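Dear colleague,

Please find below the sequence and the structure for your files. A short account of the findings follows them.

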Amino acid sequence: MARVIITLLDSFGIGYAHDAAAFGDEGSDTLGHIAAWMAANRKNADGSPRYLSLPNLAVMGLEKAHLLSTGKELAHPLSGETLLPDDLDGGRVKAAYTCAEEVSKGKDTLSGHWEIAGVPVDFDWGYFPDKPHCFPQELVDAIIKEGNLPGVLGEKLASGTVIIQELGEEHMRTGKPIIYSSADSVLQIACHEETFGLERLYDLCRICFELVKPYKIARIIARPFVGTKAGNFERVAAHRHDYAVPAHGDTLLDTLIAAGGSVYAVGKIADIFAHRGITKHYPAAGLDNIFDATLQAVKDAPDRTLVFSNFVDFDSSFGHRRDSLGYGEGLEYYDSRLPELWNLMQPDDVLLITADHGCDPTWHGTDHTREKIPVLFCGKNVKPQQIPPFHIFSDIGQTLATYLNVGPLGHGTAADIWKK
């Protein structure tokens, strides 16, 4: 019986979407610009350029998916050799590959994941403005009252790593939580794990989750940190928790569960889907731990299971922080471990490598970028081929639903990628 494994590289775009200009993102290209940056800035011991090397993703068709998306060659072949041959049957590409564009109105995490799973977001999320005291006063007053707080700090759009250095000491001294937002539809709360308390932070996030509903905010994020003074505060990624609204329709996850299958969620997938349609959750943080947890989930998974992993560091640690080197080296680490995953795959298993949006580390600002995403399917039942571009992420979910013999989903058209 078939199993499906999705490894989603959060923010791994492969070229700007047709509507990117409306988002200020025309020209963005997460993969292409990382490859160019690495070629220009990273050196080997002898001083020669040390190019981005993703040989296993190249075999999956990533390089060709980027070419399909942008019409442009990368700065250097990902294989570290020559461009991959076009002869799919006799060449090195062993996957069915394409690119996909989003129809959801936002370029946020929830919209991308939900659309992949068959539920596009056809409404506008609420956002907080980029100005001092960005939150409505009545909301701040309610947070203070319902949370029994002495007050709050922050109240602006900010980098989470920066704002804890700026306000962490005052937070510890006063007991006032740090509340802030970003370009996403989100309210984030940073508190010290010891002086404020982790469970108290979670309780406050639950209160805020109810309070922001009238504002159509997608997520509340708990951002615990540790340390003793400005300069050594560090966020505790493993204790981050997202409180997200549930999808407004049945997703691939819900549909598979209803049909008697299982969904094993790794990393933040459970939070993204509001813990709905989840059989088992594997908490993990950091690329290495998320990959380890993915391997364990695949080992544990029975027939007719969807193993769904989100590699959040590409977004949170590298994309938003505009760290091209970290992003590139993170991709190389992920690539180096792909054979471990391939070796666990059973004859009827299908692996999908994809993303949810872009976050070009060379782009202006720190926001996501409106980009196409890679769609790379492999498995013994997958026919290696170039697939026509998907014009809605839900084509991905519908293709997998067909293979799992569930659905149909509410949106999307299945691609014919299976061996007869």
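Contact here means heavy atoms within 4.5 Å. This is a predicted model, in which local features need pLDDT of at least 70 and side-chain atom pairs count only at pLDDT 80 or more, while totals for chains, interfaces and linings use all residues. Residues are numbered from 1 along each chain as its sequence is written, and side-chain values use heavy atoms, leaving out hydrogens and water.

Leaving aside neighbours within four places in sequence, Trp114 is in contact with Val119, Val121, Trp125, Val245, Pro246, Ala247, His248, Ile272 and Phe273. Trp114 is also among the residues with the most contacts inside the largest nonpolar core, together with Ile189 and Phe377. That core has 120 residues; the term denotes buried Ala, Val, Leu, Ile, Met, Phe, Trp, Tyr and Cys residues joined through side-chain atoms within 4.5 Å. Helix H7 (residues 193–211) gives the most to this core, with 8 residues; helices (H or I, at least four residues) and strands (E, at least two) are DSSP runs, numbered from the N terminus.

Lys268 is placed in the loop between S9 and helix H9 (269–272). Lys268 counts as buried because its relative accessibility is 9%, the limit being under 20% relative accessible area with a 1.4 Å probe, protein chains only. Not counting residues up to four places away in sequence, Lys268 touches Asp10, Thr109, Arg219, Arg240, Asp242, Asn310 and Val312.

An open sheet of 8 strands has the order S10-S9-S11-S1-S12-S13-S2-S14, with mixed pairing; two strands pair if DSSP finds at least two bridges between them. Its edge strands are S10 (280–282) and S14 (385–386).

With kind regards

Technical notes. Buried means under 20% relative accessible area, exposed over 50%, partly exposed in between (1.4 Å probe, protein chains only).
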